[in-house]
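Colleague: I have the model open and would like to go through it with you. Can we start with the strand pairing and move on from there?
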Amino acid sequence: MTEATAPDHGPLTGVRVVELAGIGPGPFAAMLLADLGADVVRVDRPGGPGLGIDPARDITNRNKRSVVVDLKTSDGVKHVLDLAGRADIVIEGYRPGVAERLGVGPEDCRARNPRLVYGRMTGWGQEGPLADRAGHDIGYIAVTGALGMTGEPGRPPLAPANLLGDYAGGSLYLVVGVLAALHHARATGAGQVVDAAIVDGTAHLTSMIHGMLAAGVWQDRRGANLLDGGCPYYGTYETADSAYMAVGALEPRFYAEFLRLLDLPGLEGAHADVTRWPELRARVAERFASRTRDAWTAVFEGTDACVAPVLSLREAPHHPHLAARSTFTDHAGITQPAPAPRFSATPATVRTGPARPGADTEDVARDWGVPGLVSPPSNPQRKASS
């Protein structure tokens, strides 16, 4: 990458990433690396990934650049290997064996670049009885026990969108993995393969719960524990306008403040007596149902009762605290979460909107020193593959 085209912000400035286009956790992981300043080149396939979203609004492709390459042609494979030879990290999210069959697997790429970190993003992992099976977030979190912790007792578990598996158990673990491997590669000169499986990451997220289970302070059923909605002072309550408030008054002093502001005398010891939890829940629910969400938000504003309004996606950017911190930002007409976390010396920013497939081919060819990406008009075969 030339000095003139290096990203201006973020601690990963100077790191080069090749993303073999897919959907879900792979693109989000690559977006996070791009947000942090890495030069991420997304290798799109002809015709696009088939996600069904306007590329101009696919926020997970912000801060990236795109080239279109047909990996079913020999020229296309050569272009990707040329990029891998100049990259620090490659990310792919194919089923196990697909990248190898295409000729862009770990051994193919690392033969060009021994220092390369090759990150593999899958649901089931690169090996195991289900490795070759199709799947989605809900199935991955189901087998790890995480899905079974959600929802009310006696009712079906609740699917938490695809945040828990795809992004928490998948993308974030892939990013941690490739950055750790990059640190090792820079210290030793040897790259490696990172197998980031959503089932592994999601299971890892339940570590604290497994510790509580082993200690006998967690019941292996939903809606019966301190943090899963079973506790009446850790959950949600409906308000008079059919909205909701979230309550997390776990510690005694926060619980006392919660009761005071709700004006519920006589329940000071109910939090420690599970036989009184039904009574506590009923009285708290009755109080919340007597006022609107905004009215209760005003009551708890500026207190340590640990109560917050449950906001929608469109409401969240306007919350006073999030607005003050610029947790959300507007770029190219799209309101979106700002990069996270924050850095004192190398702040990350939204530099560019979503990369359009193939729009950056000439720039990437120049900056990465891969002139073959730009096909001569006189060679139709090369042109079709780039």
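Colleague: Which residue in S3 is the bridge partner of valine 40?
Modeller: Lysine 64 is the partner of valine 40. Bear in mind that this is a predicted model.

Colleague: In what sense do S2 and S3 pair, and over how many bridges?
Modeller: They pair in the parallel sense, over 5 bridges. S3 covers residues 64-68.

Colleague: And what about S1 and S2, how many bridges join them?
Modeller: S1, residues 16-20, is joined to S2 by 5 bridges, and the two run parallel. The chain gets from S1 to S2 by way of helix H1, residues 25-35, in a right-handed β-α-β crossover.

Colleague: Which residue stands opposite valine 43 of S2?
Modeller: Leucine 20 does.

Colleague: Switching to H13. Which of its residues are buried?
Modeller: Thr361, Val364, Ala365, Asp367 and Trp368 are buried in that helix, which runs over residues 361-368.

Colleague: What covers the buried residues there?
Modeller: The cover includes the strands S1, S2 and S3, along with helix H2, residues 74-84.

Colleague: What follows H13?
Modeller: Glycine 369 follows H13, and the phi of this glycine is positive, near 70°.

Colleague: Now leucine 116. Where does that one lie?
Modeller: Leucine 116 is in the loop between helix H4 (106-112) and strand S5 (117-122).

Colleague: Buried or exposed?
Modeller: Leucine 116 counts as buried because its relative accessibility is 0%. Its contacts, leaving out residues up to four places away in sequence, are Ala84, Ala87, Asp88, Ile89, Val90, Cys109, Arg110, Gly191 and Gln192.

Colleague: Arginine 155 is in a loop too, but between which helices?
Modeller: Between H5 (137-143) and H6 (163-188).

Colleague: Why does arginine 155 count as exposed?
Modeller: The relative accessible area of arginine 155 is 52%, so this residue is exposed; the cut-off for exposed is over 50%.

Colleague: On to pockets. How much space lies in the second largest pocket?
Modeller: About 730 Å³. The lining has 22 residues, and those nearest the centre are Gly151, Glu152, Asp228, Gly229 and Thr236.

Colleague: Which elements give two or more residues to that lining?
Modeller: Strands S7 (234-238) and S8 (244-248) do. S7 gives the most, with 4 residues.

Colleague: How do the residues of the lining divide by type?
Modeller: In the second largest pocket, the lining divides into 11 nonpolar, 7 polar and 4 charged residues.

Colleague: Last topic, the whole chain. How many helices and strands does the protein have?
Modeller: There are 14 helices and 11 strands. Of the 386 residues, 43% count as buried.

Colleague: What box do the C-alpha atoms fill?
Modeller: Taken along the principal axes, the box is roughly 85 × 45 × 40 Å.

Colleague: And what share of the contacts comes from residues 24 or more positions apart?
Modeller: Among contacts with a separation of 6 or more, such residues account for 67%.

Key:
Residues are numbered from 1 along each chain as its sequence is written. This is a predicted model: local features need pLDDT of at least 70, side-chain atom pairs count only at pLDDT 80 or more; totals for chains, interfaces and linings use all residues. Side-chain values use heavy atoms; hydrogens and water are left out. Two strands pair if DSSP finds at least two bridges between them. A crossover is right-handed if, with the strands pointing away from the viewer, the path from the first strand over the helix to the second runs clockwise. Buried means under 20% relative accessible area, exposed over 50%, partly exposed in between (1.4 Å probe, protein chains only). Contact means heavy atoms within 4.5 Å. On a 1 Å grid over the protein atoms alone, a cavity is a set of points where a 1.4 Å probe fits but cannot get out, and a pocket is an open set with protein on both sides within 12 Å along at least five of seven lines; lining residues have an atom within 4 Å of a point. Grid points are joined across faces, edges and corners, and a volume is the space filled by probe spheres set on the points. Ala, Val, Leu, Ile, Met, Phe, Trp, Tyr, Cys and Pro count as nonpolar, Asp, Glu, Lys and Arg as charged, and the others, Gly among them, as polar.
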